[in-house]
Amino acid sequence: MDPLSDRATLILIRRVLCPQNLGDKGRDVVQPIEELLPSLTSRNEVDLQLYAFLAIIIRESVQAWYNKITPDETFVAEVLQIIAHCSRALEQRLRNLDVESLVLDEIPDLLDRHITAYRTSHNPISQEPVIVNPREVYHALCPLPQLSPVPQLGDQRSIEEQKENEAAYRQLLVQAILSILLPTEDLENPCLTAMVRQIFSELIVGNIIANKASEPWLLYESICISARVLGEKKTRATQRMISGTHTVPVKVKGKRERIKWSAQAIFLTLVHLVVLVFSSVRLLIISLVASSSLPLRQTAVGSFGKTAGSGERRRSLDGGDDDKPTKVPVLAFKAWQCAGNLIELNSRMPWLSGFLSLIQYQAVYGPGGLVSLNSPLDR
């Protein structure tokens, strides 16, 4: 059996999360997993993967010591109910979130400030023999209590203190989230909430996300695998389009593949290009015509609104109240400024950076307001 198949995943989930149903041999039809476990999200495919993820965590971190105390399985079921309630409440809150402002404006704003502080810390004013620790400069520009003090290689006390502050911050973060998502009767159970808080803070956030998923080698391997898979798919698609067949091209080791162009292939490429241009123009016209019936972006529900560094810009743009989340035009999102800062456009091509900034300002605030807030292009 393939260990990554759905059948192996279901067996793992039933063995760990539904052990009381494994001993029932009198049933002719096996109950589906959706009827035995509480739903975590609105999609069964996502629930299956989350069930497997929770089964591994509970098997390694809860049942490893809990089964030595008592064979009772009610505690694990209660923990699973709490996690399911949190996941459903979190999904409901995400549905009311202004995703476009979060992804394209608020997160790039934080990333842009991080890039600026990182470059400043690694390009200090002082020269040798004066030595400045870049990490200390960065934490001075961006003070983060959960990552202070800056750990020193020869100072074991600073390393331990930083780990304690980070663990305490994770506990406070998860506790604040659970106080919003959990019902009142579950918050009054300190044993249950302590176990769920420990699972989220130490196992999921601390061990999996902070210690494994954010490692440079894992990120590098993920990028390489994704690029290799996409490159192979693109090569096969190009070969099929040129040859007109669905056969996979044979790769000769040590020789670079050559694409043989013919008159028929050139004609088909031109036809595809004309169809693509026509479809793009048609989609643009239909979108502009239908934009009048779209709701105003100001009435969208849910935006973090007051993120660090974007409050003054938002107040100056709209002049709105601080307590209400405000909107900015799509062309004024921080994603464009962050992309330019990431590739150092202002240093490499200052003329291009200034020209693009002038076009952006005229398009947003110039005559006509082509892409101003709630304009047809903006919606």
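Is Arg-348 buried or exposed in this structure? Arg-348 is exposed, with a relative accessible area of 62%. The views described below are taken from a predicted model.

**Figure 1. Salt bridge between Arg-348 and Glu-344, and the network to which these residues belong.** Arg-348 pairs with Glu-344, and the closest N and O atoms of the two residues lie 3.6 Å apart. The relative accessible area of Arg-348 is 62%, over the 50% cut-off, so this residue counts as exposed. Glu-344 is partly exposed, at a relative accessible area of 30%.

**Figure 2. Helix α6, residues 99-121.** The helix comprises 23 residues. From the first C-alpha to the last, α6 reaches 32 Å, close to the 33 Å expected at 1.5 Å a residue. A kink of about 30° is centred on Pro-108. Pro-108 is itself one of the buried residues of α6. The buried set also includes Ser-101, Leu-102, Asp-105 and Glu-106, as well as Asp-109, Asp-112, Ile-115, Ala-117 and Ser-121.

**Figure 3. Salt bridge between Arg-113 and Asp-109 within helix α6.** The closest N and O atoms of Arg-113 and Asp-109 are 3.5 Å apart. Because Arg-113 and Asp-109 are 4 residues apart in α6, about one helical turn separates them.

**Figure 4. Salt bridge between Glu-166 and Arg-170 within helix α8.** The side chains of Glu-166 and Arg-170 meet at 3.6 Å, N to O. Both residues belong to α8, which spans residues 156-181, and they are 4 residues apart, about one turn of the helix. Arg-170 has a relative accessibility of 13%, under the 20% cut-off, and therefore counts as buried. Glu-166 is partly exposed, at a relative accessible area of 25%.

**Figure 5. Overview of the salt bridges.** The structure holds 7 salt bridges. Among them are the pair Arg-113 and Asp-109 in α6, the pair Glu-166 and Arg-170 in α8, and the pair Arg-348 and Glu-344.

Terms used:
Residues are numbered from 1 along each chain as its sequence is written. This is a predicted model: local features need pLDDT of at least 70, side-chain atom pairs count only at pLDDT 80 or more; totals for chains, interfaces and linings use all residues. Side-chain values use heavy atoms; hydrogens and water are left out. Helices (H or I, at least four residues) and strands (E, at least two) are DSSP runs, numbered from the N terminus. The expected span of a helix is 1.5 Å times one less than its number of residues. The bend at a residue is the angle between axes fitted to the seven residues ending there and the seven starting there. Buried means under 20% relative accessible area, exposed over 50%, partly exposed in between (1.4 Å probe, protein chains only). A salt bridge is a side-chain nitrogen of Lys or Arg within 4 Å of a carboxyl oxygen of Asp or Glu.
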